[in-house]
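Subject: Structure handover and notes

Dear colleague,

I am passing on the structure below, together with an account of what was found in it.

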Amino acid sequence: MPVSVTFLTASCLCRMETVSQALEELLVAAQRQDCLTVGVYESAKLMNVDPDSVVLCVLATDEEDEDDIALQIHFTLLQAFCCDNDINILRVSGMRRLAQLLEEDTKDNNGNEPRDLHCILVTNPPVQPLQCQALQDVGSFCEESRCRNQWVPCLELQDR
């Protein structure tokens, strides 16, 4: 089986870091404006009811999630839906950083499990749309990636 090797230039790495920062800013801003849907099932429900409001789908995993067949099937279905509905999509690694950004504890005060951060949708309601440069930056990155036939670009969020 042939092995493909991808070399990333310094400018490409810098661009990815810039987009990662923009994604972090976007997620925080969207959460403040109540424009986030968190969770695989919650996201699927929203996309079924109101796909036009969704501007970005973030699919997040870490290495330990790669063997979760059910999660990978959900991701495949979500990716297909996003492609069919012209919704920007990103694969992201760095679940711990996502939890930090969204101020998620490992358990809440009642001992309940935390929200499922594997899928996060950013919505842009027509009444009060997100006015955020970060949304434009992430959208541009997704569009540029599609032009290079990379339909689901990947980013890594770094712990801080």
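To begin with the cysteines, the structure holds 0 disulfides, a disulfide being a pair of cysteine sulfur atoms within 2.5 Å. C35 is buried at a relative accessible area of 2%, and C132 is buried as well, with a value of 16%. Here buried stands for under 20% relative accessible area, exposed for over 50%, and partly exposed for what lies in between, with a 1.4 Å probe and protein chains only.

Before going further, please keep in mind that this is a predicted model, in which local features need pLDDT of at least 70 and side-chain atom pairs count only at pLDDT 80 or more, whereas totals for chains, interfaces and linings use all residues. Residues are numbered from 1 along each chain as its sequence is written, and side-chain values use heavy atoms, with hydrogens and water left out.

**Overall layout**

The protein chain has 5 helices and 5 strands, where helices (H or I, at least four residues) and strands (E, at least two) are DSSP runs numbered from the N terminus. Read from the N terminus, the elements follow the order α-β-α-β-α-β-α-β-α-β. Of the chain's 160 residues, 42% count as buried.

**The sheet**

The 5 strands form an open sheet with mixed pairing, in the order β1-β4-β2-β3-β5; two strands are taken to pair if DSSP finds at least two bridges between them. As background, the strands of a sheet pair through backbone hydrogen bonds, either parallel or antiparallel.

Strand β4 (residues 119-123) pairs with β1 in the antiparallel sense over 3 bridges. Within this pairing, L36 stands opposite V122 in β4, and the bridge partner of T37 in β4 is L121. Strand β2 (residues 54-61) also runs antiparallel to β4, and 5 bridges join the two, with V54 standing opposite T123.

How much of β4 is buried? The strand is mostly covered, since 5 of its 5 residues are buried. In a regular strand, side chains alternate between the two faces of the sheet. In β4 both faces are covered, with C119, L121 and T123 buried on one side and I120 and V122 buried on the other.

The loop between α4 (95-101) and β4 contains D116, which counts as partly exposed because its relative accessibility is 28%. The C-alpha atoms of D116 and G39 are separated by 4.6 Å, although these residues are 77 apart along the chain.

A search of the whole structure finds 1 salt bridge, defined as a side-chain nitrogen of Lys or Arg within 4 Å of a carboxyl oxygen of Asp or Glu. This salt bridge joins R97 and E24, whose closest N and O atoms are 2.9 Å apart. R97 lies in helix α4 and E24 in helix α1 (residues 10-32), so the pair ties together parts that are 73 residues apart in sequence. Both R97 and E24 are buried.

**On the surface**

I69, I73 and L77 form a nonpolar surface patch with about 320 Å² of accessible area together. Patches are made of residues with over 30% relative accessible area and no salt bridge, like charges being joined within 9 Å and nonpolar side chains (Val, Leu, Ile, Met, Phe, Trp, Tyr) within 5 Å. The areas come from the Shrake-Rupley method with a 1.4 Å probe, and for residues only the protein chains shown count as cover. I73 lies in helix α3 (residues 69-84) and is partly exposed at 48% relative accessibility.

**Two loop residues with positive phi**

D86 is not a glycine, yet has a positive phi of about 55 degrees. D86 lies in the loop between α3 and β3 (88-93) and is exposed, with a relative accessible area of 74%. N149, also a residue other than glycine, has a positive phi near 60 degrees. N149 is found in the loop between α5 (133-147) and β5, and is exposed at a relative accessible area of 60%.

With best regards
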